[in-house]
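Good morning, and thank you for the time. I would ask everyone to look at the structure on the screen while I speak.

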Amino acid sequence: MIVELGHFALVLAFAVAVYQTIVPLYGAMRGDQQLMNEAPAAAIAQFVLVAAAFGALVWAYLQSDFSVLNVWANSHTAKPLLYKITGVWSNHEGSMLLWVSILSLFGMAVAVFSGNLPLSLKARVLGVQGSISVGFLLYIITVSNPFERIPLDQVPMQGRGFNPILQDPALAFHPPLLYTGYVGFSVAFSFAIAALMEGKVDAAWARWVRPWTLAAWTFLTLGIALGSWWAYYELGWGGWWFWDPVENASLMPWLAGAALLHSAIVVEKRNTLKIWTILLAIIAFSLSLIGTFLVRSGVLSSVHAFAVDPGRGVFILMILLFFIGGSFVLYAARAGTLKTGGLFAPISREGALVVNNLLMSASAAAVFIGTLFPLAYEAITGGGKITVGAPYFNFTFGILMIPLLLLIPVGPMLSWKRADLFAALQRLTAAAGIAIVSAIAVAAIAYGHPVMAALGIALGVWIIAGALEELAIRIKLFRAPLSTSLRRLWKLPGQALGMTLAHLGMGLVVLGIIASSTWKEEVITSVRPGEVIRAGGYEVKYLDERREQGPDYIAEQARFQVSRDGRPIAVVTSEKRSFIPRGMPTTEVGLLHFLKGDLYVAIGDRDKKGRVVRVYFHPFIYLMWLGALFMAFGGFVSLLDRRFRVGVAARARGNAAAQPAE
Amino acid sequence: MTRKQQRTTLIISGLVFLGIAAGLILYALRDTIVFFYTPSEVAEKHVQPGTRMRLGGLVENGSYRKGEDGVVHFAITDTDKVLKVTFKGVLPDLFKEGQGVVAEGTLLPDGTFRADTVLAKHDEKYMPREVADALKKKGYWDPNQPDGQDKGEAK
């Protein structure tokens, strides 16, 4: 019964979404206040209905109601509670419902948190937001219905269980975070389309768009980081990023979103780069849609691919064509009517942000071309199959990233409108000094590829030191009494602190990537009990094996004694699990974290000699995820900035009008 | 600087930049593309030893053999031609005889294939698209009977 109610709520939500699209947009066109005022209530109603549908599906999973096809195919009574819930989005139908739930949540958030938005803009934003819901709800109801029932006389007693490699805490929360990121860009998109319809973009518009973009980008950062962390320790391949189409699909909107964050600053502070910012908002969400399409259609073969259905791919492709095509047509027609604002010299804060945007979009384009090239090639040659692998991405992405990373500390030092590059660099003397010293130190002690490593490490140090130096200048550290500095730090606007944290995080990511890829140690061999493998200065001794019984699996567990210079440190285990519901095996990696890096032990099959074991030492690899956390934390801190808060924007707008040069 | 000059500067720098990026991409694409072949195509197209490529097909039944120190041997077939593969490493969890597989590596002068990567899938219902297409061409694979699902259950 509850399942039918959920299904019914979903159909109602579709009807409400149609209403939410047509009425406010028509009202805004006619200037009819009453019609425009319908938008917020519709957005809230739509969310309540979609949430009810989602709740009904969760309920079916909790009850292990195997008369629902989706629950039968993906759940099992023996599954732990957490995975019963996350099982909801472990499959295609459920994850699309999650997608739409988050979409309508954002719609409601816009309706609730934007009391001070001009009525027509608000109506249009919510109308566009509603139209996206229309597309995806129609998709769910017609071809991807999670509430489909199995005929009553054939209801099975037990479910098939779900893909065991998804039975993992990191992957439980990866899709919601990632989707919040993807879907969050829909708000920026709706604002962009609404602005094109209004024919007006100003500083206030940018101030409204930025927090939504920031929130989306922050969640996307967390989602990607969690996904790569999962790939690192669950898949047992010893890597964390493979330039796989599915991974690229999440990286492209991230890059476009980061570019959008930066260009929206220029619109907000200097009232220029408007046309470009609108375009970026459209691109960021288009890339999110393309990402959804790539992951869900299976047109590209991916190491992360799950079973897919090409028929559904066509439907998503139609949605994609409508929104991307439609928005570009509107853009082409209306972008010219937007008035451009303040002028700036090439060397200025604006100029630096333009360069940032060019590099970020170019790298997003490089990833895009590399990802879709196999498709194009196949279409052109009539079936020729190729792959574009990691070397392409490392080369193009690397070359485009280096200047971008070099410029990170410089940008914030430049003043708006017209800047003195020399003076800006002078303020970074300390950071440059530290970077050069660290380069020399690394070159002196390093083995492997000393020159590349030294430059890479120096780049990371330069970004971190630059971010800290900018903060030091801001709070007048050592130039004023310490108490003054601390007070200034406390009073620092959230946006400034957020920027420092995010840039710092980027530096940590660079350090983690360079260190772990340059000095990674890898040993693959097979061992008998008592034999020792050496990696990263540690001795890993294979002790013994035993069988373990889990809630829904049996495992062969191998134990290893890790020691250093003969001194025992810890015992680490790695397992091969065989899941009862599906008979599908997974590998559990044994991981030990040290300050110097991670020791990673994964077992394979048995061979003639003994147990195949893979031991890696990944120096400082944790810096990468720590850096991602810093970036996300910076995003949250920035979101807490009082200028973004409800009600404050109205006052701030009054102030901004009084001092346009801010 | 006037408005017009500013716009021109922006457009020109943007175009120059775009040109550099495009050049970079084309250059990188030319050198890093890896072709996908089935064992029959390797024979037909006389692929030169030493070429880096992806080889796809089914793991031939009865071909999987464990060596020492993590080396494994198996054969990839498209039901027509067979190619022997050696791989040092840990095979993906879902590697099974009779299942679809994609291996990346180089063809050796003795006609065998040395793989450095064997692609894993996260889902036992999933068949790499290239493999599915190649097998469909041979009339072997029926898309309505997803390979592996039943075998996986029967294990």
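This is a predicted model: local features need pLDDT of at least 70, side-chain atom pairs count only at pLDDT 80 or more; totals for chains, interfaces and linings use all residues.

What pattern does chain B follow, read along the sequence? The order is α-β-α-β-β-β-β-β-β-α-α. In total, chain B contains four helices and seven strands. Of its 155 residues, 34% count as buried. If one takes the contacts in chain B between residues at least 6 apart in sequence, 55% of them join residues at least 24 apart.

Let me now turn to one strand of chain B. Strand 5 of chain B covers residues 82–88, and its covered face is made of B:L83, B:V85 and B:F87. On the uncovered face are B:V82, B:K84, B:T86 and B:K88. As a general point, side chains in a regular strand alternate between the two faces of the sheet.

Which strand is joined to strand 5 of chain B by seven bridges? It is strand 4 of chain B, residues 71–77, and the two run antiparallel. Within this pair, B:F87 of strand 5 has B:V72 opposite. Strands 4 and 5 of chain B form a hairpin with four residues between the strands, and B:T79 in that hairpin takes a positive phi near 75°. Strand 5 of chain B is also joined to strand 7 of chain B, residues 113–118, by three bridges, and here the strands run parallel. In this pairing, B:V85 has B:F113 of strand 7 as its bridge partner.

I move on to chain A. Its division is into domain 1 (1–162), domain 2 (170–418) and domain 3 (524–622). Taken over C-alpha atoms, the centres of domain 1 and domain 2 of chain A are separated by 25 Å. To their contact, domain 1 of chain A gives 26 residues and domain 2 of chain A gives 24 residues. On the domain 1 side, helix 5 (81–86), helix 6 (92–113) and helix 7 (119–143) of chain A each supply at least two residues. Which of the elements provides the largest share of that side? Helix 7 of chain A does, with 11 residues. By class, the side of domain 1 that touches domain 2 in chain A has 17 nonpolar, eight polar and one charged residues.

Two helices of chain A deserve a separate word. Helix 8 of chain A, residues 169–198, has 30 residues and spans 45 Å from its first C-alpha to its last, close to the 44 Å expected at 1.5 Å a residue. Why is helix 8 of chain A described as largely enclosed by the rest of the structure? The reason is that 24 of its 30 residues are buried, a label that requires 20 or more other C-beta atoms within 10 Å of a residue's own. Just after this helix, A:G199 takes a positive phi of about 75°. Helix 19 of chain A, residues 494–518, has 25 residues and reaches 36 Å, close to the 36 Å expected. This helix is mostly covered, with 20 of its 25 residues buried.

Next come the sheets of chain A. One is an open sheet of five strands, in the order 3-4-5-6-7, with antiparallel pairing. Its edge strands are strand 3 (532–535) and strand 7 (585–588) of chain A, each of which pairs on one side only. On average, neighbouring strands of this sheet are turned by 25° against each other, direction ignored. Strand 6 of chain A, residues 567–579, is joined to strand 7 of chain A by four bridges, and the two run antiparallel. A:R577 has A:T586 of strand 7 as its bridge partner.

Another open sheet in chain A has four strands in the order 2-10-9-8, again with antiparallel pairing. Strand 2 (521–527) and strand 8 (590–594) of chain A stand at the edges with a single partner strand each, so one side of each is left without a neighbour in the sheet.

Is A:R606 buried or partly exposed? With 14 other C-beta atoms within 10 Å, A:R606 is partly exposed. The C-alpha atom of A:R606 is separated by 46 Å from that of A:G257, which is 349 residues apart along the chain. Thank you for your attention.

Methods: Residues are numbered from 1 along each chain as its sequence is written. Chains are lettered from A and ligands numbered from 1 in the order in which they are written. A residue is buried if 20 or more other C-beta atoms lie within 10 Å of its own, exposed if 12 or fewer, and partly exposed in between; C-beta atoms are placed from the backbone. Two strands pair if DSSP finds at least two bridges between them. Two residues are in contact if their C-beta atoms, placed from the backbone, lie within 7 Å. The expected span of a helix is 1.5 Å times one less than its number of residues. Domain bounds come from an automatic or database domain assignment. Ala, Val, Leu, Ile, Met, Phe, Trp, Tyr, Cys and Pro count as nonpolar, Asp, Glu, Lys and Arg as charged, and the others, Gly among them, as polar. Axes are lines fitted to C-alpha atoms, for helices over the stretch in contact, and angles run from 0 to 180 degrees between N-to-C directions.
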